[in-house]
Amino acid sequence: MAIAVKLLIGFAIFFTGVVLNVSIMRRTEGKAKGIMPMLSFIIICAGLVVLVWMASTIRVTL
């Protein structure tokens, strides 16, 4: 159960950034303008970092 929670946290942050990026690109007609696309990119990168960090803390015992 703890494994699923850790991975869900990382995926939630990552997909929040992806959804934010898609909504920004729809609003700006596909052209990156201003700071908002950079903000969504930072959220996506943070989500990937959290996902990798959470996955690396999972201890699998057989």
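Contact here means heavy atoms within 4.5 Å, and helices (H or I, at least four residues) and strands (E, at least two) are DSSP runs numbered from the N terminus. The model is a predicted one, in which local features need pLDDT of at least 70 and side-chain atom pairs count only at pLDDT 80 or more, while totals for chains, interfaces and linings use all residues. Residues are numbered from 1 along each chain as its sequence is written, and side-chain values use heavy atoms, with hydrogens and water left out.

**Overall form**

The protein chain holds two helices and zero strands. Its C-alpha atoms fill a box of roughly 50 × 15 × 10 Å, taken along the principal axes. The radius of gyration, taken over C-alpha atoms, is 15 Å, whereas a compact globule of 62 residues would have a value near 11 Å; the globule rule is 2.2 Å times the number of residues to the power 0.38. Of the contacts in the chain with a separation of 6 or more, 69% are accounted for by residues 24 or more positions apart. Buried residues (under 20% relative accessible area, with exposed meaning over 50% and partly exposed in between, for a 1.4 Å probe and protein chains only) make up 18% of the 62 residues. The accessible surface, from the Shrake-Rupley method with a 1.4 Å probe and, for residues, with only the protein chains shown counting as cover, comes to about 4800 Å², of which 75% belongs to carbon and sulfur atoms.

**Helix 1 and what covers it**

Helix 1 covers residues 2-27, and because its 26 residues at 1.5 Å a residue should span 38 Å, the 38 Å between its end C-alpha atoms agrees with expectation; the expected span is 1.5 Å times one less than the number of residues. Within helix 1, G10, F14, G17 and I24 are buried, and what covers the buried residues of this helix includes helix 2 (36-56). N21, also placed in helix 1, is partly exposed because its relative accessible area is 24%, and, leaving aside neighbours within four places in sequence, N21 is in contact with S40 and I44. After helix 1 comes E29, whose phi is positive, near 60°.

**The loop, helix 2 and the segment beyond**

A32 lies in the loop between helix 1 and helix 2, and A32 counts as exposed because its relative accessible area is 57%. Not counting residues up to four places away in sequence, A32 touches M25 and P37. In helix 2 lie I42 and V49; I42 is partly exposed because its relative accessibility is 48%, whereas V49 is exposed because its value is 57%. I42 also belongs to a nonpolar surface patch with I35, M36, M38, L39 and F41, which together have about 600 Å² of accessible area. I58 lies in the segment after helix 2, and I58 touches I3, K6 and L7, not counting residues up to four places away in sequence.

The table sets sequence separation beside C-alpha distance for several pairs.

| Pair | Separation along the chain | C-alpha distance |
|---|---|---|
| I58 and A2 | 56 residues | 8.4 Å |
| V49 and F14 | 35 residues | 9.0 Å |
| N21 and L48 | 27 residues | 15 Å |
| A32 and S56 | 24 residues | 33 Å |

For the patch named above, members are residues with over 30% relative accessible area and no salt bridge, like charges being joined within 9 Å and nonpolar side chains (Val, Leu, Ile, Met, Phe, Trp, Tyr) within 5 Å. A salt bridge is a side-chain nitrogen of Lys or Arg within 4 Å of a carboxyl oxygen of Asp or Glu.
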